[in-house]
Amino acid sequence: MNHRFTITVARAAVIFVKSVLMHREFLVFKQVGKSPETMTTASTRQEVIEEGRKHLLIEEGRKQLLINLRRRTTREPSFKLATDTLNFLRKVVLHGTYNNLEELLALLRENGLILSGAYPSELVMRNLVLMVCKLARESNSRETNGEFDSPYDSLNKLWKKEDKENQIGRSAKTIRKKLIQAVNDIQIEMETCREHISAQGQYLVHMNDVLIVHSLSTSTTLSSFLAGAKKDKKTRVFSVQIPTEPDDHDAVSISLCEVAGKMCEATKVILSGATVFPDGSCLAPAGGLSICLAAHRHSVPVYVLCAFYKIAPFFVPDSSAVIKHSLPGLPVAMASKWAGRVRVLQPALEMIPANLITLFVSNTASIMPSHIYRLIGDYYHPDDVANY
Amino acid sequence: MFADKDAIGSEFKKILGSDVEISTGLASIKTLYNILNRSTATTAKELSEELRAAAEALEETDYSSTSIRSACELFTRFISLAPADLLDDKDFTTVLNFYRSRGDLFIERIAKSRTLISDCCRPFFKNNSNILTHSYSKVVLKTLLDAREAGIWFHVYVTESQPDSSGRKMLLALREKGIHSTLVLDAAVGYVMERMDMCFLGAEGVMETGGIINKIGTLNLAVCAKYMNKPVYVMAESIKFVKEYPLNQADIPADFKYSSTAIKSKDLQAEHPQVDYTPPQFITLIFTDLGIMTPAAVGEELIKLYT
C-alpha cells in the first residue's frame with residue numbers, strides 16, 4: 001500500500017518537473033514581471049531572458065542544496081554544509097539582480113530565510129548567510145568612509161546620532177566584485193580551519209595526557225586534532241562510542257555509561273561543537289552533556305573544538321527549537337505496528353551550558369566561554385541579525 | 001553660580017513626581033540637563049564643578065543613590081567628551097550649546113531604553129511558565145506587561161520585599177493589567193523556587209564585575225535559583241552601569257547601602273541595609289538597551305567608556 005503510494009508520488013513529481021521545464025521560457029518572463037508581448041526591441045527581450053535565467057540559476061542552486069540536505073541519511077560534517085551554503089551564496093551574489101546594497105541584502109535575506117525555513121536546526125547555514133550580509137555591508141562602505149566603525153550599540157554611543165548609513169554606496173558592480181573576493185577569502189579561511197585547529201592540538205595536549213573524546217568517527221576536526229596532538233606526544237585516548245559504530249581509530253572505545261567511571265583517570269575531555277552561542281554555551285553531539293557533567297564533577301577541563309562559522313550571533317532561549325533529531329525514529333520491525341502513533345525522539349545534539357566548558361578551540365585562537373560574545377561583532381552586523 | 005542643594009533636590013522630586021513612569025536615573029539626568037541649560041559657566045572647569053555639585057545634591061536625597069550616581073557619572077562623561085578643537089573656542093557658549101545638543105540626544109535615547117529591553121527579552125518568555133520576581137522594578141513590570149499584551153500567558157510570583165513592601169506595589173500593578181500573580185513571603189523564596197521556570201530581576205546598579213546591586217533579598221533569590229538551576233535574568237538600562245568593583249557585601253559603598261538620612265543621623269550598625277550585591281556567577285544574562293549581555297560584557301562596556 002505504502003509502496004504504491006510512493007510510486008504515485010514519484011510519478012507526480014516527474015510530471016511536475018516536466019511541466020516546469022516546458023514552461024521554463026514562460027517562467028523566465030514571469031520572474032521579471034513582464035510578459036513576452038510587451039517586449040519591443042530584441043535587445044531588451046534578450047536582457048530580460050538573461051535576467052530570468054540567472055534568477056532560475058539561483059533558484060536551482062537553492063533547490064539543489066536543499067535536495068542534497070534532504071537526501072542525506074546521516075549527519076555530514078558541518079564543514080561540507082558550510083561549503084555548500086557558501087557556494088550557493090556566491091551564486092546569489094554573482095547572478096542575482098540588484099542595483100545597490102539594500103537590494104543585495106534583501107536578496108540574501110530572502111534566500112537565507114528559505115534555507116533556514118526548510119532546515120531551522122542547521123544553524124551553520126544561517127550563520128553563513130549573515131556573515132555574507134556583513135561582508136556585503138563592508139564591501140559597500142570600506143571605500144566611502146575609510147574605516148569600518150563598529151555598528152554595535154555601546155555605552156559610548158548613547159549620545160551619538162543614529163546615522164542610518166545614508167551614505168551613497170558603491171555601484172552594484174563594485175560591490176559584487178569586492179564581495180566575491182571576500183567570500184573567496186572566507187572559503188579559504190574555512191578550508192584551513194581544520195589545519196589551524198589541529199595545529200593547536202600540539203599545545204593543548206601534553207605528554208601522558210588521558211583524553212576522553214566523543215563522536216570521534218563523525219568529526220574529522222576532532223580526529224585531525226588528535227592526530228596533531230599525537231605527532232610528538234604519547235597520549236591515551238578513550239573514545240566514547242555508540243556500540244554499533246565501527247572503530248578505526250587509535251583509541252580505546254568505551255560506552256557512554258562507562259564515562260563517569262573512567263573520568264577519574266582522564267586529564268582532558270575534548271568534544272567537537274556543532275554551534276556556539278554568544279553566552280558561551282554550545283551544541284555538541286548527544287551524550288556530550290553527561291560527559292561534561294562527569295568532567296565537572298572531577299574538575300577535568302573540557303575543550304570544545306569549533307570553527308569560526310559555528311559561532312551563532314543570537315542567544316537561544318529554548319534549545320529544543322534548534323536541536324536536530326537524527327533518523328530514523330522507529331526500528332523497522334516496529335514501524336508497521338507503531339507508524340503514526342509513536343514518535344521516538346532521538347536528538348542528535350545537546351545543549352551544554354557555558355559553565356561546564358573550559359575553553360573553545362577555534363581556528364584563530366582558544367577562547368574562554370565568557371569571551372565568545374566579543375567575536376560576534378567580527379562576523380556579524382546587528383541589523384542583519386535583528387531583521388533575520 | 002551654584003544653585004542651592006535643596007532647590008536641586010526639590011526640582012528632582014518634581015520631575016519624578018510629574019511622571020510615574022520615569023526612572024530615578026532618567027530623572028537625575030533631566031535635572032542635570034536643566035542645570036546645563038540654565039548654566040552661565042564661562043569655562044569647562046566651572047561647568048563640571050557645577051554639575052558635580054548638583055550630582056552630590058541629588059545623591060543626598062533619599063532615592064536610590066546607586067542609580068543616581070551611575071546616571072550622573074555617565075551624563076557628565078558624555079557631555080565632557082567633546083572634540084578638542086571645539087574646546088579651544090574662545091566663546092564658551094558654543095561649547096555649551098554643543099553639550100546641550102548632546103544632552104538632548106542622550107535623554108531621547110535613554111527614554112527608549114525600556115522598550116528596547118522589553119523587545120530583546122520577548123523570545124525568552126514561554127507560555128504557561130512561572131516567573132519569580134523580587135520587589136518593584138519598572139523595567140521588569142514593563143517587560144511583563146508587554147509580553148502579556150503580545151499574548152503570552154504566564155504566572156508571576158512576586159516577593160513581598162520587606163521592609164517597604166514594594167512587592168505589594170508590583171503585585172497590584174500586575175493584577176491591574178490582568179496578569180495572574182501571587183505574593184510570596186521573602187522567606188518563601190526557597191519554597192516556591194522548585195516550581196519556577198525563570199527569575200526576573202531589576203537592578204539599581206550594574207557593577208563592573210557584571211554583578212548587580214538591588215533591593216535587599218535579591219541575593220537570597222539568586223543563590224536559591226542558582227542552586228536549583230533556574231535561569232536568572234536581569235533587566236537594567238545601560239545608564240545603571242556603575243564603575244564600582246565590589247567583591248563582597250562589605251565592599252558596597254555605604255551610601256548605596258543606607259539612605260542618606262540614616263547615614264547622617266543614625267548608628268549604621270543597627271540599621272538594616274537597603275540593598276545587597278549579587279555577584280555575576282548568579283546571573284545568567286543581563287538584558288540592556290544595548291542588547292543582551294553576559295555579565296562579563298558589562299565590565300568591558302565600562303572600560304571602553306572610561307578609557
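This is a predicted model: local features need pLDDT of at least 70, side-chain atom pairs count only at pLDDT 80 or more; totals for chains, interfaces and linings use all residues.
Does B:Leu221 count as buried or exposed, and how many C-beta neighbours does it have inside 10 Å?

**View 1. B:Leu221 and its surroundings.** We're looking at helix α11 of chain B, residues 218-227, which holds B:Leu221. B:Leu221 counts as buried because it has 27 C-beta neighbours inside 10 Å. Leaving aside residues up to four places away in sequence, B:Leu221 touches B:Leu132, B:His134, B:Thr159, B:Val189 and B:Cys199. For a sense of scale, take B:Ile68: its C-alpha atom is separated from that of B:Leu221 by 25 Å, and the two residues are 153 apart along the chain.

**View 2. Domain 1 of chain B against domain 2 of chain B.** Domain 1 puts 18 residues into the contact and domain 2 puts in 17. On the domain 1 side, helix α4 (residues 65-80) brings the largest share, with nine residues. Sorted by class, that side of domain 1 has three nonpolar, eight polar and seven charged residues.

**View 3. Chain B meets chain A.** Here 20 residues of chain B and 14 residues of chain A make up the contact. As for class, the side of chain B that touches chain A has 12 nonpolar, three polar and five charged residues.

Note on methods
Residues are numbered from 1 along each chain as its sequence is written. Chains are lettered from A and ligands numbered from 1 in the order in which they are written. Helices (H or I, at least four residues) and strands (E, at least two) are DSSP runs, numbered from the N terminus. A residue is buried if 20 or more other C-beta atoms lie within 10 Å of its own, exposed if 12 or fewer, and partly exposed in between; C-beta atoms are placed from the backbone. Two residues are in contact if their C-beta atoms, placed from the backbone, lie within 7 Å. Ala, Val, Leu, Ile, Met, Phe, Trp, Tyr, Cys and Pro count as nonpolar, Asp, Glu, Lys and Arg as charged, and the others, Gly among them, as polar.
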